[in-house]
Amino acid sequence: MNFLAKIADWFRSIGTATRNGITRLGFATRFFWAIVRASGPTFMRPRLLIREIYHAGVLSLVIVLMSGLFIGMVLALQGYETLVRFGATEAMGVLVALSLVRELGPVVAGLLFASRAGSAMTAEIGLMKTTEQLAAMDVMAIDPVARVVAPRFWAGVISLPLLAAIFSMLGIYGGFLVGVKLIGIDGGAFWGQMQVAVDWRNDVMNGVIKSVVFAFAVSLIAVFEGYDATPTAEGVSAATTRTVVTSALAILALDFVLTVFMFRGGVN
Amino acid sequence: MHSASSNERNFASTPQPTDASAHIELREVSFGYTPERQILSGVNLTVPRGKLVAVMGGSGCGKTTILRLLCGQHVASSGQVLVEGKDVAHMSRDELFAHRRKLGMLFQFGALFTDMSVFENIAFPMREHTDLPEAVIRDLVLLKLNAVGLRGAAQLRPSELSGGMARRVALARTIALDPSLVLYDEPFAGLDPISLSVVGQMIRKLNDALGMTSILVTHDIAESLKIVDYIYFISEGRVVAEGDVESIKASTDPFVKQFVNGEPDGPVRFHYPAVALEEAFR
Amino acid sequence: MSKKTIDLWVGVFVALGLGALFFLALKVGNLLNFKEQKNGYEVMARFDNIGNLKPRAPIKSAGVVVGRVESIKLDPQTYEAVVRLHLEKNFQFSRDTIAAIFTSGLLGEQFVGLEAGGDSQMLKDEEWIKKTQSAIQIEKLISQFMFSKAQETPATTAAPSGAGVKP
């Protein structure tokens, strides 16, 4: 009997976790619509948006530039090791560009964005909630979702695709530096093969679409966790951690789904 | 002491539903986040226009909840919360916003916007709710800051202010749009004696000079007795005593006496409910 | 941080981001060349079998990319594949050009190879390439090989017996 009770407890805990997860997903969805409905002021007053783009985008620029450059350089070095065995080092441009544009650009830029800007958004909104700044706005008859949440959300949605593009560009340049300048592959072959192999619609546009989807996901997670945080110091720090973890999982899961739909042609 | 005084400032001895001068009126208001745990149960409270009223009680007795009900952030589970005769619970979205625009609230720790300067904090409600030209806003902000003696601090960040200064800036922001009703949530919490006295005097002066109605939620009995017109005592979700300053000071009510004199034991028990000591150590 | 500084940085950031998008589309994704092709002309060709050929596959002549496959359809009457070829306008091909489907490398992507003939008249827009050569299918090659081997086997076993008879 005791054993059965333990099994029942175990299933019950799964049930509770599932129900909580679904409830939170429901809240997040409703929150998303609340943001969309309250987005008027964000676009009527670009000053709010510009300030938040500065915080979300410009302040993430350095880490994205550096990571992009290094990841491109590493891709070129590792790619060379493999390609040289098949005598196909000219394909390095293709390798670097396709890896970055299709996968690494959107995904790694998304992960960096979540940990740099997303966590900051959560902490900021959570802190405003803890110190009753959001309640103060509410009492002043100013909707905190319109004034605080929506500008941050849209700034994230705008910033991440740009960061992902910058990341890919820097990565390709990093690959060029290592492949052409350091190892000595023919520069013409590097760019030429890349241009033949990379399709602007199937590869570049799909990469951009990925980054836009990630941008919506990460920004929503970040502002939701902040707004939903328990208004205490521990609550805010827990929410910040949740933002990074949930965002990372969301990016990787969405990436898989999107890849299946976008690049099915390569599988069949 | 209940309703016995003939003092002319004793205006709320019995709640008069048709009292024309009542700005705020709570009738039999109950509230709880869950049905099992009631925070307020059957509270009656009246605040006439232009008066400064204190709502006092121990920590966690539901004082702040009354303020949240008044500004429409919570809705009473039963009873009426009337502002100028209109029930806050039944206001439309537009009416609620109009009500909030005429209302100022000073939060416990000021709730200044940390990403704006002092100047921008006070300009914030003006910018959001009016189309005043920049020059007019500037003059108004400096006037408000001057009223709290902090015109020189206009360009500081909230993080650069002391606790007392932050509270005064928050006060200036609260009255930025000349509200007709101001709610103070623990305005004296965590202040040194000088700042405390300054803020207290300021609340009284603003109330008289601007003709506002003020509700002061606090547990600082000494400072309140110096400035307010009338006091309500709340314990365990209900009004247990009320009266003007003189009658409170002269009161023989055990709860009021315990609260005014700060006695550790009395109607409010020192011990959390537990089994008898002899039982516990047997 | 003053408004002007923030504006400047946000401006730099957005310009850099848009620049990167253009870089990816033009320099990496070759959007410009694709646009140029739109000024070219289209010819059609029938193939018995196109193998793994896909739309947007390159068309090469002497190894140089001269266009892209526009679309691939099945002719319901003849059960042949009809391939539309988009060629750049500065490359002209004679009317007896042969179109063939090749594979780059052993297992690489497939492309259409054009081999110009000697006709003085050139292919025009919406004309048909008459001579085509289908994709080589590994399965067919293998089965042909096995079949010919199977045919050979009795011949080779017969030969010694025949030889045995002869003397």
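Which side chain meets A:Arg24 in a salt bridge? The partner is A:Asp228, with N and O 2.8 Å apart; a salt bridge here is a side-chain nitrogen of Lys or Arg within 4 Å of a carboxyl oxygen of Asp or Glu. This pair links distant parts of the chain, with A:Asp228 in helix 9 (residues 200-228) of chain A and A:Arg24 in helix 1 (residues 2-37) of chain A, 204 residues apart. Over all chains, a search of the whole structure finds 33 salt bridges.

## Ground rules

This is a predicted model, where local features need pLDDT of at least 70, side-chain atom pairs count only at pLDDT 80 or more, and totals for chains, interfaces and linings use all residues. Residues are numbered from 1 along each chain as its sequence is written, chains are lettered from A and ligands numbered from 1 in the order in which they are written, and side-chain values use heavy atoms, with hydrogens and water left out.

Helices (H or I, at least four residues) and strands (E, at least two) are DSSP runs, numbered from the N terminus.

## Who touches whom

Two pairs of chains are in contact, and of these, chains A and C share the most contacts; contact means heavy atoms within 4.5 Å. Chain B and chain C do not touch, and their nearest C-alpha atoms are 11 Å apart.

## Chain C against chain A

Let's take this interface from the chain C side. Here 25 residues of chain C are in contact with 29 residues of chain A. The two chains bury about 2700 Å² between them, and 77% of that lies on carbon and sulfur atoms. Buried area is the accessible area (1.4 Å probe) that two parts lose on being put together, summed over both. C:Phe13, C:Leu24 and C:Val28 supply 24% of the area that chain C buries against chain A, more than any other three residues.

What is the count of salt bridges between chain C and chain A? It is one, and the side chains of C:Asp7 and A:Arg47 meet in a salt bridge at 3.1 Å, N to O. Helix 1 (3-28) and helix 2 (31-37) of chain C each supply at least two residues of the side that touches chain A. Helix 1 of chain C gives the most, with 17 residues. By type, the residues on this side of chain C divide into 16 nonpolar, three polar and six charged.

## Chain B against chain A

On to the other interface. The contact takes 21 residues from chain B and 16 residues from chain A. About 1700 Å² is buried between these chains, and carbon and sulfur atoms give 56% of it.

Five salt bridges are counted between chain B and chain A. A:Asp138 forms a salt bridge with B:Arg100, the closest N and O atoms being 3.1 Å apart. Helix 2 (93-101), strand 6 (103-106) and helix 3 (118-129) of chain B are the elements that give two or more residues to the side that touches chain A. The largest share, four residues, comes from helix 3 of chain B. This side of chain B has eleven nonpolar, four polar and six charged residues.

## The sheet of chain C

An open sheet of eight strands in chain C has the order 7-1-4-3-2-6-5-8, with mixed pairing. Strand 7 (128-129) and strand 8 (131-133) of chain C stand at the edges, each with a single partner strand, so one side of each is left without a neighbour in the sheet. Strand 1 (residues 41-47) and strand 7 of chain C pair in the parallel sense over two bridges; two strands pair if DSSP finds at least two bridges between them. C:Ala45 has C:Ile129, in strand 7 of chain C, as its bridge partner.

## The sheet of chain B

In chain B, four strands form an open sheet in the order 2-1-4-5, and the pairing is antiparallel. Strand 2 (40-48) and strand 5 (86-87) of chain B are at the edges, each with a single partner strand, so one side of each has no neighbour in the sheet. Strand 1 (residues 22-31) and strand 4 (residues 78-83) of chain B pair in the antiparallel sense over five bridges. B:Arg27 stands opposite B:Gln80 in strand 4 of chain B.

## Confidence in chain C

The mean pLDDT of chain C is 79, and 82% of its residues reach 70 or more; pLDDT is the predictor's confidence in each residue, from 0 to 100. Over residues 158-167 of chain C the pLDDT is below 50, and beyond near neighbours in sequence this stretch has zero contacts in the model.

Conventions:
Nonpolar A, V, L, I, M, F, W, Y, C, P; charged D, E, K, R; others polar.
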